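This report describes the overall make-up of a protein chain and then turns to selected sites within the chain. Please consult the sequence and the structure shown here while reading.

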Amino acid sequence: MSTPLFPKENVTKNTTDSATEHARILVVDDDPSLLRLLSIRLAGAGYQVETAENAKVALGVMTSFQPDMVISDLKMEGMDGFALFEQIRARHPHLPVVIMTAHGTIPDAINATKQGVFSFLTKPFESKQLLDTVEQALKLQPLHANDTADENWRKRIICRSSKMAQLLMQSKQVAQSNFSLLIQGQSGTGKELLANAIHQASKRSSQPFTAINCAAIPEALLESELFGHVKGAFTGADKRHIGLFEACSGGTLFLDEIGDMPMNFQVKLLRALQEKEIRPVGSTQSIAVDVRVISATHKNLRKAILESKFREDLYYRLNVVELEIPSLAERREDIPLLAQHFLHKSKNQTDSVNVTGFTQEAMELLITAPWPGNIRQLENVVEQSIALATEPLISEQLISNALRNKPGVLPSFAQAREQFERDYLAKLLRLTNGNVTQAARIAQRNRSEFYKLLNRHHLTPEAFRDASDLHE
């Protein structure tokens, strides 16, 4: 007979704090009766609850349900609570996890908290103890992914994917600092939109946010554009020009496509970031500036450093914190939301037909399309389809035409698994410079089995020897 979860007690309804109201909690336990009881207690306190009967199911649930915290039993068949915690920490490092067990000891509790588990509950425990622990965990989160009380900072970012939820959690946290920030991502993924959201979440939100594309300005004008110039500094400089650093003082300056910045100017930018002052072109006086710099690029800056196309010291000055914005193909669950958003945004621009949505086949095509141009391309496809629509629902043919008849690329399960294996093996070989013994040890496979995997995917260790790891 299982141990009662809650001893007999007089339970009064817990009133959740406004900061934690409607928070989402994932509960994991292989005992159905305890799982149901926990769910009832938490739901009664005002929380949104999702349950999983084991750790593997929990990881699957988390791909669609984005919890604000996880409560897991320790002793479960297969993957136990600690192993689940390690998986969660790797994917969602700020998500609080509470471990509960009927077999708890003081050493277990100490070990759990040292590893980063928020709290350790020994069964049986009182309902109040559970609810107090939950409330404390939610209050200490850097960001509640589903907190609607303070979402104005990110209102222009439309998403529901777990990858974007994690990115926004990190963004809200780093927004509270003044550290320089580098956003990596493919063209068209919304790097400027994310930079603006970070600015809105920061203490600088009342001050200017200014964006500049470093690739769009000729090298001869870039210094004047950023630092300004004095009257008479060069031919045509008939008056003083205030640069963006000075105009944006107190706010945030977004340097897009920083990887295209000329080498000659990089040292001047480095000095401005280090000294927190700029010198306008033609001036002998420096001007102090207070600017938070967020930069972005679609290029591999570490590769550019190795090729002497980007200064290493500037890279580390810009990249105090790095965020990776996923491609649209990596967040396909956001495509229906984005498509509907662009439809409502654009349909008023035509008087021909009142377009209200997409056919099921059209939406399936949108979800499986390759999207090399990311969100920018998706918006273009929706706009083009609206312009040519003759019916209220956008058809599959219209989407196909706008995509230039490119086939969908969402792979089958077998194809996806094969691609993952190939990429994983190649990554190991790059990390180990083609050392099969070391790579097999990291993969926890013997050498003969590892060689079979390499042969299956036509990977030759020699091709990775003496090769610099440019992607890690």
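## Confidence of the model

The pLDDT is the predictor's confidence in each residue, on a scale from 0 to 100. The structure is a predicted model, and the mean pLDDT of the protein chain is 85. A score of at least 70 is reached by 86% of the residues. Confidence is highest in strand β10 (residues 252-256), with a mean of 97, and lowest in helix α4 (residues 106-115), with a mean of 63.

Two stretches have a pLDDT below 50. Residues 142-149 form one of them; beyond near neighbours in sequence, this stretch makes 17 contacts in the model. Residues 467-472 also have a pLDDT below 50, and there the model shows 13 contacts beyond near neighbours in sequence.

## Overall composition

The protein chain has 472 residues, of which 46% are buried. Its secondary structure comprises 19 helices and 16 strands. Of the contacts between residues at least 6 apart in sequence, 72% join residues that are at least 24 apart.

## The annotated aspartate

An unreviewed UniProt entry carries the annotation "modified residue: 4-aspartylphosphate" for Asp-73. Asp-73 is located in strand β3, which spans residues 69-73. Because its relative accessibility is 6%, Asp-73 counts as buried, the cut-off being under 20%.

With neighbours within four places in sequence set aside, Asp-73 contacts Val-28, Asp-29 and Asp-30, together with Gly-81, Met-100, Thr-101 and Lys-123. Lys-123, one of these contact residues, is joined to Pro-124 by a cis peptide bond, with omega at about -5 degrees. Pro-124 belongs to the loop between β5 (119-122) and α5 (127-139).

## Packing of helices α13 and α14

Helix α13 (residues 335-346) packs against helix α14 (residues 360-368) at an angle of about 115 degrees. The two axes are 10 Å apart, and the crossing is right-handed.

On the α13 side, the contact is made by Ile-335, Pro-336, Ala-339 and Gln-340; α14 contributes Met-363, Leu-366 and Ile-367. Six of the residues in this contact are nonpolar and one is polar, while none is charged.

## Surroundings of Ser-224

Ser-224 is part of helix α8 (residues 219-227). Its relative accessibility is 8%, and Ser-224 therefore counts as buried. Apart from residues up to four places away in sequence, Ser-224 touches His-229, Phe-234, His-241, Gly-243 and Val-281. Gly-243 is 19 residues from Ser-224 in sequence, and the C-alpha to C-alpha separation of Ser-224 and Gly-243 in space is 6.4 Å.

## Positive phi angles in two loops

Glu-257 is not a glycine, yet its phi is positive, at about 50 degrees. Glu-257 is placed in the loop between β10 and α10 (263-275). With a relative accessible area of 10%, Glu-257 is buried.

Ser-308 is likewise not a glycine and has a positive phi, of about 60 degrees. The loop that holds Ser-308 runs between α11 (301-306) and α12 (312-318). Is Ser-308 buried or exposed? Ser-308 is exposed, because its relative accessible area is 56% and the cut-off for this class is over 50%.

Technical notes: Residues are numbered from 1 along each chain as its sequence is written. This is a predicted model: local features need pLDDT of at least 70, side-chain atom pairs count only at pLDDT 80 or more; totals for chains, interfaces and linings use all residues. Side-chain values use heavy atoms; hydrogens and water are left out. UniProt positions are given in the numbering used here, feature names are shortened, and annotations may be inferred rather than shown by experiment. Helices (H or I, at least four residues) and strands (E, at least two) are DSSP runs, numbered from the N terminus. Buried means under 20% relative accessible area, exposed over 50%, partly exposed in between (1.4 Å probe, protein chains only). Contact means heavy atoms within 4.5 Å. Axes are lines fitted to C-alpha atoms, for helices over the stretch in contact, and angles run from 0 to 180 degrees between N-to-C directions. A crossing is left-handed if the near helix is turned anticlockwise from the far one by less than a right angle, and right-handed if clockwise. Ala, Val, Leu, Ile, Met, Phe, Trp, Tyr, Cys and Pro count as nonpolar, Asp, Glu, Lys and Arg as charged, and the others, Gly among them, as polar.
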